[in-house]
Amino acid sequence: MTEILEFLIKHGYAVLFGWVLAEQAGLPIPAIPVLLAMGALIGRGFYGWPEALIGSVVACLIADFAWFLIGRTKGRGVLKLLCRISLEPDSCVKTTERGFQRYGWTTLLMAKWLPGLSTAAPPLAGMTGMSIGRFLLADGVGSLLWAGSMMAAGALFHRQLETVALIAGNFGSGFLSAVAIAMLGYIGWKYWQRRRFLHQFAIGRVSAEELSGMMGDHPDEVFVIDMRDSYDIKRTALIPGAL
């Protein structure tokens with residue numbers, strides 16, 4: 001935290017803009033620590049609220065609008081690609097789609113607070129045919145609420161953040177190493193958990209052609225349950241003969 005504060009004091013708005021832009025573009029670099037640090041500096045009188053908020057929102061809009069356009073042109077493939085690099089790839093696509101199916105454009109108001117959804121929501125908005133004007137308005141408001149609340153927390157608790165920064169500084173590189181090890185351990189545990197889950201539920205597969213042949217030869221002996229989400233079924237169709 002000490003290094004972040006010192007770097008922000010020197011470069012301020014440019015660092016905030018670039019960091020938020022990079023995170024919203026999909027890079028695995030959390031922007032919340034930088035927003036909190038900027039809020040602490042605002043609380044100390046180093047920077048102003050309007051410039052920091054405008055820079056953060058514009059950075060979000062640039063990255064999100066690019067994903068929005070990609071979602072419009074590339075379709076569901078880009079959403080699957082984004083979810084493949086997440087820690088919950090098996091549920092990422094469905095969680096994002098169900099959020100839009102249930103809440104519509106208002107999903108963009110809360111997307112920034114939910115890991116994975118922040119990057120996946122803009123391309124899905126493009127896939128669903130949302131208008132550009134509605135997207136920019138909803139995404140802009142959501143970005144403003146997210147960045148504003150984080151910086152407000154930093155400004156409100158700037159003294160406590162300074163104390164944390166001093167403690168972290170006393171530990172030196174050992175503190176950063178401990179944080180890095182903890183993060184790698186968490187990622188490793190999630191990967192092992194997913195592999196264990198897939199192993200437990202591994203089942204035999206049949207192709208569409210094989211299933212069609214089975215249903216044609218012995219229709220009374222084949223029972224098919226379509227487990228897809230209603231969102232998928234509406235876009236395509238229920239498997240013929242399935243429950």
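This is a predicted model: local features need pLDDT of at least 70, side-chain atom pairs count only at pLDDT 80 or more; totals for chains, interfaces and linings use all residues.

Me: OK. How many salt bridges does the structure hold?
Reply: There are 2 salt bridges in the structure. In one of them the side chains of lysine 112 and aspartate 64 meet, at 2.7 Å from N to O. Lysine 112 is in the loop between helix H7 (107–110) and helix H8 (117–127), and aspartate 64 is in helix H4 (residues 49–74), so this pair ties together parts that are 48 residues apart in sequence.

Me: And which residue forms a salt bridge with lysine 112 at 3.5 Å?
Reply: That is aspartate 139, with 3.5 Å between the closest N and O atoms. Aspartate 139 belongs to helix H9 and lysine 112 to the loop between H7 and H8, so the pair ties together parts 27 residues apart in sequence.

Me: Is lysine 112 buried or exposed?
Reply: Lysine 112 counts as buried, because its relative accessibility is 8%, and the cut-off for buried is under 20%. Aspartate 64 also counts as buried, at 0% relative accessibility. Aspartate 139 is buried too.

Me: Different residue: what is the nearest side chain of opposite charge to glutamate 23?
Reply: It is lysine 112, 7.7 Å away. Glutamate 23 is buried but has no salt bridge; a salt bridge would need a nitrogen within 4 Å of a carboxyl oxygen.

Me: Which residues is glutamate 23 in contact with, then, leaving aside neighbours within four places?
Reply: Ile29, Pro30, Ala31, Thr119 and Trp146.

Me: Where is glutamate 23 placed?
Reply: Glutamate 23 sits in helix H2. H2 covers residues 13–25, 13 residues in total, and reaches 18 Å from its first C-alpha to its last, close to the 18 Å expected. The buried residues of H2 are Val15, Leu16, Val20, Ala22, Glu23 and Gln24.

Me: What follows H2?
Reply: Glycine 26, with a positive phi near 120°. Glycine 26 is in the loop between H2 and H3 and is partly exposed, at 30% relative accessible area.

Me: Now H3. How many of its residues are buried?
Reply: 9 of the 12 residues of H3 are buried, so the helix is largely enclosed by the rest of the structure. The buried ones are Val34, Leu35, Leu36, Ala37, Met38, Gly39, Ala40, Leu41 and Ile42.

Me: How far does H3 reach?
Reply: H3 (residues 32–43) reaches 16 Å from first C-alpha to last, close to the 16 Å expected. Glycine 45 follows H3, and its phi is positive, near 90°.

Me: Last topic, the surface. Which residues make the nonpolar patch?
Reply: Tyr103, Met110, Trp113, Leu114, Leu137, Val141 and Leu145 make a nonpolar surface patch of about 640 Å².

Me: Which helix gives the most to the nonpolar patch?
Reply: Helix H9 (residues 132–156), with 3 residues.

Me: And where is tyrosine 103?
Reply: Tyrosine 103 is in helix H6 (residues 89–103). Tyrosine 103 is partly exposed, with a relative accessible area of 40%.

Terms used
Residues are numbered from 1 along each chain as its sequence is written. Side-chain values use heavy atoms; hydrogens and water are left out. Helices (H or I, at least four residues) and strands (E, at least two) are DSSP runs, numbered from the N terminus. The expected span of a helix is 1.5 Å times one less than its number of residues. Buried means under 20% relative accessible area, exposed over 50%, partly exposed in between (1.4 Å probe, protein chains only). Patches are made of residues with over 30% relative accessible area and no salt bridge: like charges are joined within 9 Å, nonpolar side chains (Val, Leu, Ile, Met, Phe, Trp, Tyr) within 5 Å. Accessible areas come from the Shrake-Rupley method with a 1.4 Å probe; for residues, only the protein chains shown count as cover. Lys and Arg count as positive and Asp and Glu as negative; His and the chain ends are not counted. Contact means heavy atoms within 4.5 Å.
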